[in-house]
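User: Please walk me through this model in questions and answers.

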Amino acid sequence: MQFDLAAAVKAIEDRPPSNHTLRELVQAFSAATAGDADLRLRKWLDAFGELPAWDVKADELQKAADAMRQAGYAPASVNRDLSALGSAYKWAKKNRLCPRGFVSPTTQISRSPEPIRRVHVEPAVIDAVRKLALIYPDARFGVYVSLLIDTGARKSELLRRYGRDLDLERCEVLAPVTKNGTPRVLMFRDSTSTLIRRVYKSIDPDRLLFEGRVRGQPINFRKAWEFVTREAGRPDLRMHDLRHVRAADLLRSGESVAVAAQVLGHDAAVLTRRYGHLETRALRQAQERSWAQAA
């Protein structure tokens, strides 16, 4: 087999960059990664979405970030928005969709310092959130919250799931594409499986489990979440905090950071930085149990 490497390289070099808007780029990135960047970046897309993706300037994004902070948005939220936008550009570069030599404008924007968010939520609050979600008019919200609590999944890992990803017999949800690029299985309780059977009379394998008014687009449960957290007395609680609670519960039960990281599809180094003190406590308890048994 003869292969002309020079011609192949030239063909790659000569391929013109895609001429798409920022909105189209973010939507394609979200679809390819089963993420929620298009939902997270709604305000940014309202402001810059119709511009050619490669013409968005760093100073424009910096002004937008400053305006959001001045309007009261938490520095962490603005940082996450910029990271999501940067990930979309990174994906485009990896797939050779951008012009040659293109540099993402997000790399030139200063991030706000933010403390590590450590969340402590009493079991009674988690129980209240679950029960309140179950009485919300859209019964799917009860399923969604129960899955968040059981699995410790990211929001996008559930909102982007289709009927075909659900296995009620095994109490599992398959997330073929995740934030860190590797597939994983989300495990839930038998009681949640029973709840899903009650809420969903039939499950279409080709429809999103939590589909909104537009086919193929997930629902935004923001108002529903505001209701349950307000009524539970924890209006500061975020959906993502349920993921932190699951991580902490795993470590308090004696599991290692390595095991918790696999369950959550997380980076072990990040878990160690955030929850290492809990693993140390579990190790101490294990040592004390072994001493008692040996005495």
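**Sheet, helix pairs and a loop residue**

User: Over how many bridges do strand β2 and β3 pair?

Analyst: Strand β2 (residues 172-175) runs antiparallel to β3. This is a predicted model, in which local features need pLDDT of at least 70 and side-chain atom pairs count only at pLDDT 80 or more, while totals for chains, interfaces and linings use all residues. Residues are numbered from 1 along each chain as its sequence is written, and side-chain values use heavy atoms, without hydrogens and water. Two strands pair if DSSP finds at least two bridges between them, and for β2 with β3 the number is four.

User: Which strands are the edges of the sheet?

Analyst: The sheet is open, with three antiparallel strands in the order β1-β2-β3. Strands of a sheet pair through backbone hydrogen bonds, either parallel or antiparallel. The edge strands, each pairing on one side only, are β1 (166-167) and β3 (184-187).

User: Which residue of β2 is the bridge partner of Leu 166?

Analyst: β1 and β2 pair over two bridges in the antiparallel sense. Their hairpin has four residues between the strands, and Cys 171 there takes a positive phi near 55°. On the other pairing, Leu 174 is bridged to Val 185 of β3. For Leu 166, the partner in β2 is Val 173.

User: How are α7 and α8 oriented to each other, roughly parallel or roughly antiparallel?

Analyst: Helices (H or I, at least four residues) and strands (E, at least two) are DSSP runs numbered from the N terminus. Axes are lines fitted to C-alpha atoms, for helices over the stretch in contact, with angles from 0 to 180 degrees between N-to-C directions; those of α7 (residues 123-134) and α8 (residues 139-151) lie 7 Å apart at about 155°. Angles under 35 degrees count as roughly parallel, over 145 as roughly antiparallel, 65 to 115 as roughly perpendicular and the rest as oblique. The two helices are therefore roughly antiparallel.

User: How many nonpolar residues does the contact of α12 with α13 have?

Analyst: The axes of α12 (residues 241-252) and α13 (residues 257-264) come within 9 Å and cross at roughly 145°. Contact means heavy atoms within 4.5 Å; Arg 243, Arg 246, Ala 247, Leu 250 and Leu 251 of α12 meet Val 257, Ala 260, Val 263 and Leu 264 of α13. Ala, Val, Leu, Ile, Met, Phe, Trp, Tyr, Cys and Pro count as nonpolar, Asp, Glu, Lys and Arg as charged, and the others, Gly among them, as polar. This contact has two charged residues, no polar ones, and a nonpolar count of seven.

User: Is Leu 209 buried or exposed?

Analyst: Leu 209 lies in the loop between α10 (190-199) and α11 (222-231). Beyond its neighbours within four places in sequence, its contacts include Arg 140, Tyr 162, Leu 166 and Ile 203. Buried means under 20% relative accessible area, exposed over 50% and partly exposed in between, using a 1.4 Å probe and protein chains only. Because its relative accessibility is 7%, Leu 209 counts as buried.

User: What share of the protein's residues is buried?

Analyst: The protein has 14 helices and three strands. Of the contacts with a separation of 6 or more, 65% join residues 24 or more positions apart. Among the 295 residues, the buried share is 43%.
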